[in-house]
Amino acid sequence: MVSIAKYEIFSFIIAALFFIIGLGMWIAFWPIFNSELEANYKLQGNVDGSLKYAAFLYANPPMKNVMKFNLFNVTNPDEVKYYGAKPELIEVGGYGFLESEQKKYYDFSSDKTQMFYQNYKQYHYSPEDTSEGFSYDDYVLFPNSISAGAVATIFGPTSEFSKTTQSIVSIGLVALGEYPFISKKVKDVLFEGYEDPLLNVAHSQLFTSLVRFFGYGDQLSYLPEMKTFAYLSGYNNSYDENYWINTGYKDFSKLGFVESWAGLKELPASFWPTEEARRIRGPDSGSLSKLHLTKSDELPFFLSFMCRSFKKTYWQSGMVDGIKTMAFAVPEEEFDTTLEQNAGFRYKNLENVDYFPEWCSDTSSNSSSNCQKKANGTYLLPPGLFPLVCYPGHNAQPPFTVIVSPPHFLYSPPEVQRRLSGMSPNPQTHKPMVFHQEKTSGTALQVDVRFQVNLPVVNNKRSIMSSQMPNVLIPLFYEDSHAVVKDFVMNTVWLGVIIVPRIIKYLKFVLIFVAICILTILLVIRVRVKSSVSVV
């Protein structure tokens, strides 16, 4: 009998240990890793009232967000006003801003399943991020949103004002110097605000007293609260209603999902007519996500600035700062209200105006059997357009009617783009919402959000100011937001989510391979020793 040498016992123990460790890594690593990821990603607070790391990062997003505002300058205002000509537009900008946000007054429910906060945002003009040749003091000529809103309210189909009152108001608007197009500095148009004679009169004590005296007191609710006008008036250092979100404490698949917004479990019926459209689905702004993303995932999210929920689906693979990502984007059909699935997001169009007569006609490029022009007795907007039904981010009505679209009407048919001069949609630079997410952790490393704000202009014969205007949607501006996480987050994702699993992946193979090699060598040695003993 051949005795077993000590080195053989030692080698066998080493081989067995390597094999067990390698096999253990193979079987147990991902369950343990996923469990640790979930534990670290849950939103939780400490006993002293401070936030744990994931919740702290969520409350203080570690991203640099550069927002560029591109405005549209109307170059033929007189031709549009007096002859109903096609508006000719020139894009100016972008004007760069650094946007930062912080979630304040956070709190947790007693069972730790929900987190409360108010999301405060600040915007600071950044000359360094403004396109060359443009200044915050530039002048831009644009549609007068205040007067357009007044005309829609006073002369629209739902107006309660008598014809005599409407005639007086029509003359009064002209006497005040209101004009369909005005010229102001970019800084005043965007954030700082400018005085408007109509707003000054509307907020005067004399006006409100006269309105109540003549029995139109209910109409005062349509007056915007702003004393000066800017597209983003009052947004700097403000918050967009109260949030309660799911912390993922009991059900990690619901991490970040909005449980209520502005105290509501679903959006008001005044926003959208159908239950499906009113649903608040997914996390706030898509900032949190599930783990282990796949190409078949559909990820819902709620965007309060758009007053609705969206879904994002896989678009393409990419790379952000050397880290492989999966880009999820809001698909084109989410912007198509001609589809029955999106019927709840349709523009009411109480004015019953066909803003795009060439679309869906016998001569249009898309005159097919599935082209739907009208519904519920009024005209539909073409694909790529939906109404903004709230004051962005707030449970309140907007000061004037606004239609949202991707920049340059990217998702709309050619008839929409040709209705104006100056539209040049580009799928690479105008795609509305794209989230570049790391596959394993779901972390959004880069987010690009773009949307365009458009003003409906109506030809209204009862108003002197708009009696010759065309029926058209005129773009006011579009916002192009580019947010990238800071370097320390990139490094954390790179080390913890990519490098560590990669090391384990190769190490388990190496350990098992070495174990098999050691056992094979021991076996060969035993066979040779046994053979030599037999020969002797």
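This is a predicted model: local features need pLDDT of at least 70, side-chain atom pairs count only at pLDDT 80 or more; totals for chains, interfaces and linings use all residues.
# Disulfides, core and annotated spans

Visitor: Which cysteine does cysteine 307 bond to?
Guide: Cysteine 307 forms a disulfide with cysteine 390, with the sulfur atoms 2.1 Å apart. The link is left-handed, at -85 degrees about the S-S bond. Cysteine 307 is in the loop between β8 (298–303) and β9 (308–320), and cysteine 390 is in the loop between β13 (386–388) and β14 (402–405), so the pair ties together parts 83 residues apart in sequence. Strands are DSSP runs (E, at least two residues) and helices are too (H or I, at least four), numbered from the N terminus.

Visitor: Is cysteine 307 buried or exposed?
Guide: Cysteine 307 is buried, with a relative accessible area of 1%. Cysteine 390 is also buried, at 0%. Buried means under 20% relative accessible area, exposed over 50%, and partly exposed in between (1.4 Å probe, protein chains only).

Visitor: And which cysteine is joined to cysteine 360?
Guide: Cysteine 371, with S to S 1.8 Å. Both cysteine 360 and cysteine 371 are buried.

Visitor: New topic. Which residues touch the most other members of the largest nonpolar core?
Guide: Phe69, Leu71, Leu190, Tyr231, Phe310 and Met433, out of 111 residues. Strand β16 (residues 444–457) gives the largest share of this core, seven residues. A nonpolar core is a set of buried Ala, Val, Leu, Ile, Met, Phe, Trp, Tyr and Cys residues joined through side-chain atoms within 4.5 Å.

Visitor: What does leucine 71 touch?
Guide: Not counting residues up to four places away in sequence, its contacts include Ile90, Val140, Leu190 and Phe477. Contact means heavy atoms within 4.5 Å.

Visitor: Where is the "transmembrane region" annotation?
Guide: The unreviewed UniProt entry places it at residues 12–33 and 506–525. UniProt positions are in the numbering used here, feature names are shortened, and annotations may be inferred rather than shown by experiment. Residues 12–33 are 100% helix, with end C-alpha atoms 30 Å apart. Residues 506–525 are also 100% helix, with end C-alpha atoms 28 Å apart.

Conventions. Residues are numbered from 1 along each chain as its sequence is written. Side-chain values use heavy atoms; hydrogens and water are left out. A disulfide is a pair of cysteine sulfur atoms within 2.5 Å.
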